[in-house]
Amino acid sequence: MRISAKGRYGLAAMACLAHSYASGKPVTIISISEHLGISKIYLEQVFSLLKRAKLVTSLKGAQGGYQLARRPSEISTYDILSAIELSLMEPTAQSVEEKAPHLEAAIKETVYDPLDKAIQDTLSSVTLDKILLVEEQENNALMYYI
């Protein structure tokens with residue numbers, strides 16, 4: 001499985017929104033762009049896809065920006081990546097179907113289907129709040145006390 005830059009940026013941007021979820025204040029694309037070092041234009045494309053998937057809401061005006069549509073514990077990495085990645089769970093192409101259909105079916109059943117399920121289960125089990133928890137632990141691990 002390969003996650004595109006757009007998918008990776010989408011995960012990072014959604015984590016930024018999760019940070020500000022409790023405050024209830026919308027976050028601008030410009031502030032996310034500056035914080036993460038990602039092009040504003042590129043983030044606008046990402047947020048368009050996230051909004052279409054109803055993962056974020058937007059508020060217009062001077063105090064506008066984006067907010068998570070649900071609590072961070074209710075948004076999984078699978079939700080985010082499947083909104084952004086067009087071929088996240090694309091079916092594996094058949095390789096020997098014509099000459100060896102039974103072998104093709106056996107490979108699909110024993111390799112490809114379980115792999116797809118494991119990927120989907122893993123991505124579904126990781127939510128934004130879990131990402132924030134690990135980030136906080138990583139941040140605390142780097143603190144030095146004198």
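## Strand pairing

Strands β1 (56-59) and β2 (residues 65-68) pair in the antiparallel sense over four bridges; strands here are DSSP runs (E, at least two residues), numbered from the N terminus, and two of them pair if DSSP finds at least two bridges between them. Opposite Tyr66 in β2 stands Ser58. The hairpin of β1 and β2 has five residues between the strands, and in this hairpin Gly61 takes a positive phi near 105°.

The model is predicted: local features need pLDDT of at least 70, side-chain atom pairs count only at pLDDT 80 or more, and totals for chains, interfaces and linings use all residues. Residues are numbered from 1 along each chain as its sequence is written, and side-chain values use heavy atoms, with hydrogens and water left out.

Lys54 lies in the loop between α3 (40-52) and β1 (56-59). Lys54 is not a glycine, yet has a positive phi of about 60°. Most residues other than glycine have a negative phi. Lys54 is exposed, with a relative accessible area of 61% (exposed is over 50%, buried under 20%, partly exposed in between; 1.4 Å probe, protein chains only).

## Helices

Helices are DSSP runs of H or I with at least four residues. The buried residues of α1 (residues 5-19) include Gly7, Gly10, Leu11 and Met14.

Helix α4 (residues 77-84) packs against helix α5 (residues 101-125) at an angle of about 115°, with their axes 6 Å apart; axes are lines fitted to C-alpha atoms, for helices over the stretch in contact, and angles run from 0 to 180 degrees between N-to-C directions. Thr77, Tyr78 and Leu81 of α4 and Gln120, Leu123 and Ser124 of α5 make the contact (heavy atoms within 4.5 Å).

Note on methods:
The expected span of a helix is 1.5 Å times one less than its number of residues.
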